[in-house]
Amino acid sequence: MSTENLVKHLPNDIGGTGSSDDKIHIFERDLYPWEKRCHALLDVLDYHKIVNTEEKRRGTENIGSEMAGKLSYYEKWIVSASNLLLQKGVLTPDEIAVKTAEVAKRYNLVL
Amino acid sequence: MSENAHNPHTGRDGDNHPEGHDHAEEHEPIIHEAAPSYYEILEISIRELLTEKGILRPEEIRRQIEVLDSRSPALGAKMVVKAWLDPAYRSRLVQNGNAAAEEMGISIYDNTKLTVLENTPGVHHVIVCTLCSCYPRPILGLPPDWYKSKEYRSRTVREPRAVLAEFGTLIPEEVQVIVQDSTASERYMVLPLRPAGTENFNAEELEALVTRDTMIGVALPSISN
């Protein structure tokens with residue numbers, strides 16, 4: 001048996017602790033403005049070929065089961081984007097630390 | 001989905017600087033927005049850093065928000081109704097979803113492949129993205145939260161008829177249900193059956209029947225709604 005099949009059929013890598021049997025929570029809501037900005041930001045990063053859809057998705061999965069279970073959809077997106085931009089050397093941890101502190105200060109918050 | 005403890009009225013791109021408001025000087029500074037969450041601060045920070053480095057321009061984000069806002073299920077409904085009324089368009093739509101959308105002036109801005117799944121009296125389709133949230137955004141807008149939920153993603157492939165029943169959609173046993181999983185590059189839309197009793201409806205009346213959920217496949221167009 002050739003090993004080619006193993007390479008061609010990668011395992012599903014969904015994060016978290018498995019599937020769900022729960023009832024679907026059917027409801028409608030509008031996105032918060034920051035969620036829409038986050039969506040647009042990732043789209044633009046895709047257009048610039050900095051972060052593509054598949055990288056972004058993987059980034060939302062490999063954050064460990066606790067975060068995968070507790071963060072909301074766009075919270076995972078922005079964490080994924082932040083990790084990918086660090087890995088790719090586009091941003092540095094120091095730059096993010098300084099900027100987030102500065103942004104928090106505008107709102108009289110301390111991170 | 002966790003609750004987000006902030007105000008949905010926080011301004012858009014470039015509009016979230018309280019000091020930018022030019023109010024009378026004798027007031028204490030007025031903070032118009034509730035405190036942003038850690039994740040919103042991260043979003044603002046990354047966007048500003050990328051802008052400062054010249055990697056992105058703020059107008060690109062604004063423009064993309066406009067693109068997102070310009071997309072809704074009304075576009076998909078126009079394609080469905082045109083297919084109902086025009087057999088030649090129907091075959092072009094089923095053959096090449098991208099070309100059929102572009103033909104109606106709807107750009108597939110995310111460079112994905114759009115495949116249209118044609119329901120027949122014997123076959124009903126429903127779409128899902130088991131991996132995450134892939135969805136035909138250019139023609140339907142952004143997906144609802146439930147489409148992205150673990151419950152919908154897990155169960156639709158395992159027990160589609162039970163999932164459809166939760167949406168109030170009962171598919172007769174003799175009708176085959178086909179679940180189509182989406183990917184980062186391959187997106188799908190369901191072309192529902194035109195309901196009986198709509199022979200005298202005009203295009204506008206028909207479009208009103210073609211809701212988002214009928215194009216995801218969790219509902220059927222109905223004149224009784």
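Biologist: Where does Cys129(B) lie?
Modeller: Cys129(B) is in the loop between strand S2 (123–128) and helix H6 (137–140) of chain B. Helices (H or I, at least four residues) and strands (E, at least two) are DSSP runs, numbered from the N terminus. Keep in mind that this is a predicted model: local features need pLDDT of at least 70, side-chain atom pairs count only at pLDDT 80 or more, and totals for chains, interfaces and linings use all residues. Residues are numbered from 1 along each chain as its sequence is written, while chains are lettered from A and ligands numbered from 1 in the order in which they are written.

Biologist: OK. Is Cys129(B) buried or exposed?
Modeller: Cys129(B) counts as buried because it has 22 C-beta neighbours inside 10 Å. The cut-offs: buried takes 20 or more other C-beta atoms within 10 Å of the residue's own, exposed takes 12 or fewer, and partly exposed is in between, with C-beta atoms placed from the backbone.

Biologist: And what is Cys129(B) in contact with, leaving aside neighbours within four places in sequence?
Modeller: Cys134(B), Tyr135(B), Arg153(B), Asp181(B) and Ser182(B). Contact here means that the C-beta atoms, placed from the backbone, lie within 7 Å.

Biologist: Cys134(B) then. Where does that one lie?
Modeller: Cys134(B) also sits in the loop between S2 and H6 of chain B. With 25 C-beta neighbours inside 10 Å, Cys134(B) is buried. Not counting residues up to four places away in sequence, Cys134(B) touches Cys129(B), Ser182(B), Thr183(B), Ala184(B) and Arg187(B).

Biologist: Which residues does UniProt list for "binding site"?
Modeller: The unreviewed entry lists Cys129(B), Cys132(B), Ser133(B) and Cys134(B). UniProt positions are in the numbering used here, feature names are shortened, and annotations may be inferred rather than shown by experiment.

Biologist: What about S2(B), covered or open?
Modeller: Mostly covered, with five of the six residues of S2(B) buried. S2(B) is joined to strand S3 (residues 176–181) of chain B by six bridges, and the two run parallel. Strands pair if DSSP finds at least two bridges between them. Within that pairing, Ile127(B) stands opposite Gln180(B) in S3(B).

Biologist: Zooming out, what does the domain assignment of chain B give?
Modeller: Domain 1 (32–69) and domain 2 (73–216). Those bounds come from an automatic or database domain assignment. The C-alpha centres of the two domains of chain B lie 32 Å apart. Separately, UniProt (unreviewed entry) places "domain: Nitrile hydratase alpha/Thiocyanate hydrolase gamma" at residues 39–219 of chain B. That stretch of chain B is 49% helix and 13% strand.

Biologist: Switching to chain A: how many helices and strands?
Modeller: Six helices and zero strands. Chain A has a radius of gyration of 17 Å, whereas a compact globule of 111 residues would be near 13 Å. The radius of gyration is taken over C-alpha atoms, and the globule rule is 2.2 Å times the number of residues to the power 0.38. As for burial, 31% of the 111 residues of chain A count as buried.

Biologist: How many residues does the contact take from chain A and chain B?
Modeller: 46 residues from chain A and 46 residues from chain B. On the chain A side, helix H2 (33–47), helix H3 (53–61), helix H5 (73–87) and helix H6 (93–106) of chain A give two or more residues. H2(A) gives the most, with 10 residues.

Biologist: What is that side of chain A like by class?
Modeller: The side of chain A that touches chain B has 23 nonpolar, nine polar and 14 charged residues. Ala, Val, Leu, Ile, Met, Phe, Trp, Tyr, Cys and Pro count as nonpolar, Asp, Glu, Lys and Arg as charged, and the others, Gly among them, as polar.

Notes. Contact = placed C-beta atoms within 7 Å.
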